[in-house]
Amino acid sequence: MSNSSSDPDNAIVRFLEGISRECTELGNDMATLGDFVSGSMVESASPEVMFQLQAFDRLSQNAHAQARLLARIARFVLEDGEVSLAELSGLADDVPIHDARARLRQAINPLAAPPPSADDDIWFDDDPEQKVAS
């Protein structure tokens, strides 16, 4: 692959890296908004409302995970041009949000188990496939 700045492959890489930076900014903005909203409500909010406010943290984490995915995919495109299913699966495994990780795994392999419903797994729990029975 040519490294010329006018090379269309480099344009794709630059575009993916730009999207990655935008996802990072989105994550930062969500975290800032979440801190503001939850900070102003911390004294008066019920536990249920506080739990819902944690959605800002979840969204921020997911945006940062998407940014990392895009940056790593851009690197694959630039360096290798091809990505194996194992490499894609490894990228999905790095996503910290269980249901997002499960959706990405299913996108890679449509025969994979569907992601759990929100009632089946709390978003910050470890992957149930990796849990060890006590």
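1. Helix 3 and helix 4 pack at about 160°, their axes lying 10 Å apart (axes are lines fitted to C-alpha atoms, for helices over the stretch in contact, and angles run from 0 to 180 degrees between N-to-C directions). Helix 3 and helix 4 are therefore roughly antiparallel, a label for angles over 145 degrees. Helices here are DSSP runs (H or I, at least four residues), numbered from the N terminus.

2. A word on the source: this is a predicted model, where local features need pLDDT of at least 70 and side-chain atom pairs count only at pLDDT 80 or more, while totals for chains, interfaces and linings use all residues. Residues are numbered from 1 along each chain as its sequence is written, and side-chain values use heavy atoms, with hydrogens and water left out.

3. Back to helix 3 and helix 4: their crossing is right-handed (the near helix is turned clockwise from the far one by less than a right angle). Helix 3 brings L69, R72, I73 and F76 to the contact, and helix 4 brings E87, L91 and A92, with contact meaning heavy atoms within 4.5 Å. By class that gives five nonpolar, no polar and two charged residues (Ala, Val, Leu, Ile, Met, Phe, Trp, Tyr, Cys and Pro are nonpolar; Asp, Glu, Lys and Arg charged; the others, Gly among them, polar).

4. Next, helix 4 and helix 5. Their packing angle is about 165°, with axes 9 Å apart, which means helix 4 runs roughly antiparallel to helix 5. This crossing is right-handed. L85, L88, S89, A92 and D93 of helix 4 meet R101, L104, R105 and I108 of helix 5. The classes in this contact are five nonpolar, one polar and three charged.

5. What lines the second largest pocket? The lining is Q66, L69, I73, L88, L91, A92, L104, A107 and I108. Helix 3 (55-79), helix 4 (85-93) and helix 5 (98-108) each give two or more residues to that lining. Eight of the lining residues are nonpolar, one is polar and none is charged.

Notes: 1 Å grid on protein atoms, 1.4 Å probe; cavity = no way out; pocket = protein on both sides within 12 Å on 5 of 7 lines; lining within 4 Å. Parallel < 35°, antiparallel > 145°, perpendicular 65-115°, else oblique.
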